Structure formats: structure tokens, C-alpha cells
Amino acid sequence: RQEQEVVSCFDLGSGHVLWESAYQAAYQSVIAGDGPRSTPTIANGKVLCLGSTGELSCLDLVTGQLLWRRHVINDNEASIPEWGFSPSPLVVDDEVIVPAGEKGSAGLVAYNLEDGSQLRTYPYVKSSYSSPIMAKLGETSQIIYFFEGGLAGFDRNKPELLWKMEW
């Protein structure tokens, strides 16, 4: 909405707005259009949202109250991807995992679900529209991410790239 990105919660039956949470973060692009474009993730009574400019917000599901917010770009000395951020946050246990932006040193970053503290970064791969997912390949639980130019698997518990397939 103009110079703000807004997260809205609607009543499923009536369509009425239950709550809204807004913050200053206008994103516009001829290529990608105005933001935001990510689907929020709901986990453990929280709503996790990644805005077009890299604002990662954690809101209370019932009230919409802001619990914590991190600026992924600043945290990782990166830049906003050309099309802005569009992935949805991945929540695994007590962690929130999102792409770290472009031209920084990290490809993905993990934050603590409860307080937003940064837990670890994963090796650099170029950001994409894709949302990271969890998968178990063989005996190994992995974070799978379609990055710009390929597919990669990261160790869930350590900041390690397990494999990468470029195209």
C-alpha cells in the first residue's frame, strides 16, 4: 500500500479484517511489479512474513502483534534481489530459514523462531523466487533450495553445502 507493506489477517467465514500489521518498505520494480509477493508461513501460533525488501517479521497469529523483526539484507551485508524477495519462510522446529539476498556471503540464513536471533548462515548461492523446503534424502535431512542457476542441498544442522547441481 503505497509506501508500506501490510500483512492482513481475515476471518475465513465473513472476510472481515481481523488485524493488520504494516511497516515502511515500499518496493517497486518494472520487471517484478510492486511488492510484497511472498506467502506468509504459519507455525506455532506465529505468522512469519518475508517482505519484498527483506524485512522478516514474526507476528502473533491471534492478535497480529509484532513479536520481532529482522532486516535480512542488513544482517547479511547483502543486497535486495533484482525482483525483490518473494520466497516464503521455511519453519523447521524452532528455526526460520530464508534466503539471505544477493552479493553477500550467505545463501540462506536461519533465525530463532522465538526471539529472531540469527543462528547460522549457509554458503552463498544466488537468490531466486523459490522458497526453501525440507527433505530427507537417504538418511540426511536437508534444506533444498532452487537458486538462480541450479539446485542445492544444505545440512539442516550445520552451515554446510552438501551438494549443488547447476544448469
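This is a predicted model: local features need pLDDT of at least 70, side-chain atom pairs count only at pLDDT 80 or more; totals for chains, interfaces and linings use all residues.
Which residue takes a positive phi in the hairpin of strand 4 and strand 5? Hello everyone, and keep that question in mind for a moment. The answer is Gly54, with a positive phi near 95 degrees, in a hairpin that has four residues between its strands.

Let's start with the whole chain. If you follow the C-alpha trace along its principal axes, it spans about 45 × 35 × 30 Å. Of the 167 residues, 49% are buried.

Four strands make up an open sheet, in the order 3-4-5-6, with antiparallel pairing. Strand 3, residues 41-43, and strand 6, residues 66-71, are the edge strands, and each has a single partner, so one side of each has no neighbour in the sheet. From one strand to the next, the twist averages 15 degrees.

Let's cross this sheet strand by strand. Strand 3 and strand 4 run antiparallel and are joined by three bridges. Here Thr41 stands opposite Leu48 of strand 4. These two strands form a hairpin as well, with two residues between them, and Asn44 in the turn has a positive phi of about 55 degrees.

Next comes strand 4, residues 46-50. How many of its five residues are buried? The count is five of five. Both faces of the strand are covered: Lys46, Leu48 and Leu50 are buried on one side, and Val47 and Cys49 are buried on the other.

Moving on, strand 4 pairs with strand 5 in the antiparallel sense, over five bridges. Leu48 turns up again here, standing opposite Cys58 in strand 5. And this is the hairpin from my opening question, where Gly54 has its positive phi.

Glu55 has His71 as its bridge partner in strand 6.

Glu55 lies in strand 5 and Arg69 in strand 6, so the pair ties together parts that are 14 residues apart in sequence. Which of the two partners is buried, and which is partly exposed? Glu55 is the buried one, because its relative accessible area is 14%, under the 20% cut-off. Arg69 is partly exposed, at 27%.

That is one of nine salt bridges found in the whole structure. Let me show you some others. Lys126 forms a salt bridge with Glu148, and the closest N and O atoms are 3.6 Å apart. This pair links distant parts of the chain, 22 residues apart: Lys126 is in the loop between strand 10 and strand 11, while Glu148 is in the loop between strand 12 and strand 13. Lys126 is partly exposed at 32% relative accessibility, and Glu148 is partly exposed at 39%.

Another pair is Asp155 with Lys158, where the closest N and O atoms are 3.9 Å apart. Asp155 is buried, with a relative accessible area of 12%, whereas Lys158 is partly exposed at 40%. There is also a network of salt bridges, which links Asp93, Glu95, Arg120 and Arg156.

To finish, let's visit the surface. Which residues form a nonpolar patch there? They are Phe146, Met165 and Trp167, and together they have about 390 Å² of accessible area. Trp167 sits in the segment after strand 14, which covers residues 161-166. Its relative accessibility is 62%, and the cut-off for exposed is over 50%, so Trp167 counts as exposed.

Definitions and conventions:
Residues are numbered from 1 along each chain as its sequence is written. Side-chain values use heavy atoms; hydrogens and water are left out. Two strands pair if DSSP finds at least two bridges between them. Axes are lines fitted to C-alpha atoms, for helices over the stretch in contact, and angles run from 0 to 180 degrees between N-to-C directions. Patches are made of residues with over 30% relative accessible area and no salt bridge: like charges are joined within 9 Å, nonpolar side chains (Val, Leu, Ile, Met, Phe, Trp, Tyr) within 5 Å. Accessible areas come from the Shrake-Rupley method with a 1.4 Å probe; for residues, only the protein chains shown count as cover. A salt bridge is a side-chain nitrogen of Lys or Arg within 4 Å of a carboxyl oxygen of Asp or Glu. Buried means under 20% relative accessible area, exposed over 50%, partly exposed in between (1.4 Å probe, protein chains only).
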